[in-house]
Every structure is written in structure tokens, then in C-alpha cells.
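I opened this notebook page to record what I looked up in one protein chain. The entries follow the order in which I consulted the model.

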Amino acid sequence: MRRLSGRNRSALIIGMQGIRARKLRTLLSMVSLFLGILAVVAVQAGASIAERALLADMELTAGLDGTRVADIYGGPPGTVGVVTDTVDGRTDAVALIQVSAVIGESGVSPIQPGPSGGYEDAVTEGPTDFCHQPSPAGACPPIGRALSVNLNALTGDVRAFRPYRHLSGEWLSFGTVPAMSPRIVLNKEAAAAFALYPVPAALRIEGGTGDGVTPQFVGVVDDGSGWPQAYVRMDELSAWTATDSAGIQVLLAGQTPVEQVLGTKLRAKGMELGVYEVQSREDFKQQIDLMRLLFLGLSAFVLLIGVAGVLNVGLATVGERVEEFALRRAVGTPRSLLAGIVLAETLLTGLLTAAAAIGFAAGALKVATTVLGSSDPFLAGLQFPWEAAVAGIIAGLVAGVLGGFVPALRAARIPIATVMRA
């Protein structure tokens, strides 16, 4: 461990003594710096939290960075079976078989969101017209007690690729025998719709073979989707419905061999497996960096105002200590040590102010997460970003150097003769 030299240690000790001797001036300097450093800390913390929030929302819908995604639509008969047989039981790949389903009365059109885009609006403004299954005569069935959802049949736990936020109940269990009554997890949009509109527990799949199968609602998650979604085990869905016309999405973990095997099988059926990689952080990096630079520029302006206050206090302090510094020069103290004493005081003041600003920002964030954490799961586990603490310390050091540089030069240039005039 490298220790401070004797001269640097002396400057630091004398600087600390000067701070204790002039507590009010130190407090004034800290007050002038506090808002500037707090602005830097808040901007860095806000940018880091905004980046994490943006990426967290993207991860819900697109997947974690590095996930490889393949969308398969319109394949020949048997495509679903090929995909499910390939990824079944794998932890490095999962398939989502996507079908449209209606839960509620049969022979009616399902309730749709209102004109403003929400199911709450349908209560006050009335649902929008939507002909779900027209009769042979071409007339649209009347709107009844039924809701439409996008049903996703899973071959495994999709949360390894898309970290859905748990809201209530439980998630699907893939290690048990398939249930005769399919267990379904709703997203929060679907859960809100079912809370507003009590409907019969009868589920029908478009093109399915089953009619009025009774599902079990076991949990609710936030999947980032604005449309009602439901999730069910694939082996429970295939027991009572046909899936040949379903859309398929396959999520792959990096360079898994499943991708090559699945691509070979699909080419045998005359299809090509198109795969793309999720890179949400890279896609939004430029926007996030631009936002951070913009607000850091504004906070730097506030910080410079605080530096001007430290500079004024430093110059006034040096003016009052002219005889002290002249006497130190007379007994052999080098000019560099005098400058170091003044600079040490401002640096320590900047670090103390940075500590206060970081502590205040961390406390404010803790209060916000405590108060708002119950309403937003993302805030519940939010921690103070370490990048903001580093930015605050750097801002404190920079402010200390800028605010103490000129007073340090003035202290170093005080002539020895000054003590004789005193």
C-alpha cells in the first residue's frame, strides 16, 4: 500500500485543522456546492434508473440481451410438432405456440376495449364493434359475456428468457403431470378485463377441437404487453385443441445446438429458420447517452455556480490568513506546501459535500421505493446506482480543485516580508 509523502500528509492534516477552525466558512462552501453536486448525482442516478427501466420493459417483450428469436408462421402441417419435439425438455430453448382464444359464452362476439383503448373505457363508453365469428348468414353475433385473449402455450419456463414480473398467484409448473383442466396464468391486462367483466369459465380456441373447456386461473404476471395475454403449458393445450394453424416463436439461449437441429428439420419441410438476436441495450444506447449528456451539461452549469461560491470563500480565507502563511514561509515552509494546504481544504470540502449529496439522494430514492414500491414492482427492488455515487465523488473532487486552485496560487505567492509588516 502506497502511503502519502510527508509533505502531502502535512498538507492534509493542516487542511483538516483549518476546516475545524472555520466551521461556518466550510458550511457556506458546502451549501454553495451541494446543489451542484446533487444535480450531478441526480442526473446520473436518473439516467441509470431510466436505462434499467427501459431495458426491463424491453426484456419483458423482446427478451434478455443475447436471446436469439425465431418467428415461424404459415408452416406446413406438422410444423408445431417438429418444433415442440425439438425443444421439449430443454433449458436452453423454449417455444411459444400462439393461438387466439375466447373465454366466456359461445356464439357471441367478445367484449372489446373502448374507444380510448382500455377495458375500463368499455364500461363507460361502451365496447367497440368487433365481429369475432360471423354467422353463416354474414351477420355479426351480438356482444356477449366473453373476452378474447392471445393464448401462449409454452414448452418450458419462458421466464429464463423474458423475466416476467410476478404480481399474484403462482407461475406454471412444468415438472408435474399435465392437468385435465388447463392451468392458465394471465397478464395484468387480461386480469383487469376479467375483474371488470365476470364471464363464464369456458375456453374455446379458434380452430380447436375442444368446446367449452374449463380452465384454472392460477396467477397473474406483468409481461409488458398492452393486450390481454394468457399462458398455458403446451402439453395441457395439445390434449384438447388442434394447433396446426398456430403461430410459433422460439427463444434460444445464445449459440445453442438446438438452433442448428431445428433449422435442419425445418429445411426438410421446405422452410428456412430465420433467427435474430435481441440487442436492446445497443439499440437504445445512443438515445440514453444523449439524454445523459444533455442533463449532465445542465448540472455542470449548476456545479460551476457552486464552484464560484467556493472560490470566493477561499479567496476571503486566504486574505485573512496572510500573516499565517507569511510566517510559515519565514520558518521554511515551501510554497508548494502552502498551496497544498489551501487545496486540501477545498478538496476535503468537496468530498464532504459529495458525501452529503450522495447520502441525500440515496435516502430520497429509498423513501420513493418504500412509498411507490407497492404500486410498481420495478421500484420495489430498486437500488441506488453505484455510477451515481462515483459521479458525485468525481464532481466533488473537480469542484474542490477548481474552487481552490486560484486561492492556492495566491497563498503560495505571499511574500515573507508580509510578516514583518504585520
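**Entry 1. Ground rules.** I worked from a predicted model, in which local features need pLDDT of at least 70 and side-chain atom pairs count only at pLDDT 80 or more, while totals for chains, interfaces and linings use all residues. Residues are numbered from 1 along each chain as its sequence is written, and side-chain values use heavy atoms, with hydrogens and water left out.

**Entry 2. The chain as a whole.** I first asked how many helices and strands the chain has. The secondary structure comes to 13 helices and 11 strands; helices (H or I, at least four residues) and strands (E, at least two) are DSSP runs, numbered from the N terminus.

I then looked up burial and found that buried residues make up 44% of the 422 residues. Buried means under 20% relative accessible area, exposed over 50%, and partly exposed in between, with a 1.4 Å probe and protein chains only.

The accessible surface comes to about 21,100 Å², and 61% of this belongs to carbon and sulfur atoms. Such areas come from the Shrake-Rupley method with a 1.4 Å probe; for residues, only the protein chains shown count as cover.

For contacts (heavy atoms within 4.5 Å), I noted that residues 24 or more positions apart account for 84% of those with a separation of 6 or more.

**Entry 3. Strand β4 and its partners.** I took strand β4, residues 143-154, and found nine of its 12 residues buried. I next asked which strands pair with β4. Two strands pair if DSSP finds at least two bridges between them.

- Strand β2 (residues 93-104) pairs with β4 in the antiparallel sense over nine bridges, and V99 has L151 as its bridge partner.
- Strand β3 (residues 109-111) runs parallel to β4, joined by two bridges, with I111 opposite L147.
- Strand β9 (residues 229-233) is also parallel to β4, through five bridges; here L154 stands opposite R233.

**Entry 4. Strand β1.** Why is β1 described as largely enclosed by the rest of the structure? I recorded that five of the six residues of this strand (residues 67-72) are buried, so it is largely enclosed. Strand β10 (residues 247-253) runs antiparallel to β1 and is joined to it by six bridges; T67 has A253 as its bridge partner there. Strand β11 (residues 275-277) is likewise antiparallel to β1, over three bridges, and V69 stands opposite Y276.

**Entry 5. Strand β8.** I found β8 (residues 216-222) mostly covered, with five of its seven residues buried. Strand β5 (residues 165-169) runs antiparallel to β8 over four bridges, with H166 opposite V221. Strand β6 (residues 183-187) instead runs parallel to β8, joined by five bridges, and the bridge partner of V185 is G219.

**Entry 6. Annotated segments.** I consulted the UniProt record, an unreviewed entry, whose annotation "transmembrane region" covers residues 293-316, 337-364 and 384-406. UniProt positions are given in the numbering used here, feature names are shortened, and annotations may be inferred rather than shown by experiment. I checked two of these segments against the model. Residues 337-364 are 100% helix and 0% strand, with the end C-alpha atoms 40 Å apart. Residues 384-406 are 91% helix and 0% strand, with the end C-alpha atoms 35 Å apart.

**Entry 7. Helix α12.** This helix spans residues 386-412, has 27 residues and reaches 37 Å from its first C-alpha to its last, close to the 39 Å expected at 1.5 Å a residue. The expected span is 1.5 Å times one less than the number of residues. I then asked where α12 bends. It bends by about 40° at G404, and a proline, P407, follows within four residues. The bend at a residue is the angle between axes fitted to the seven residues ending there and the seven starting there.

Entry 8. I looked up L351, which is found in helix α10 (residues 335-372). At 34% relative accessibility, L351 counts as partly exposed. Leaving aside residues up to four places away in sequence, L351 touches I393 and L397. Its C-alpha atom is separated by 9.1 Å from that of A399, 48 residues apart along the chain.

V398 is found in helix α12. V398 is also partly exposed, with a relative accessible area of 40%. The C-alpha atoms of V398 and G350 are separated by 8.0 Å, and these residues are 48 residues apart along the chain.
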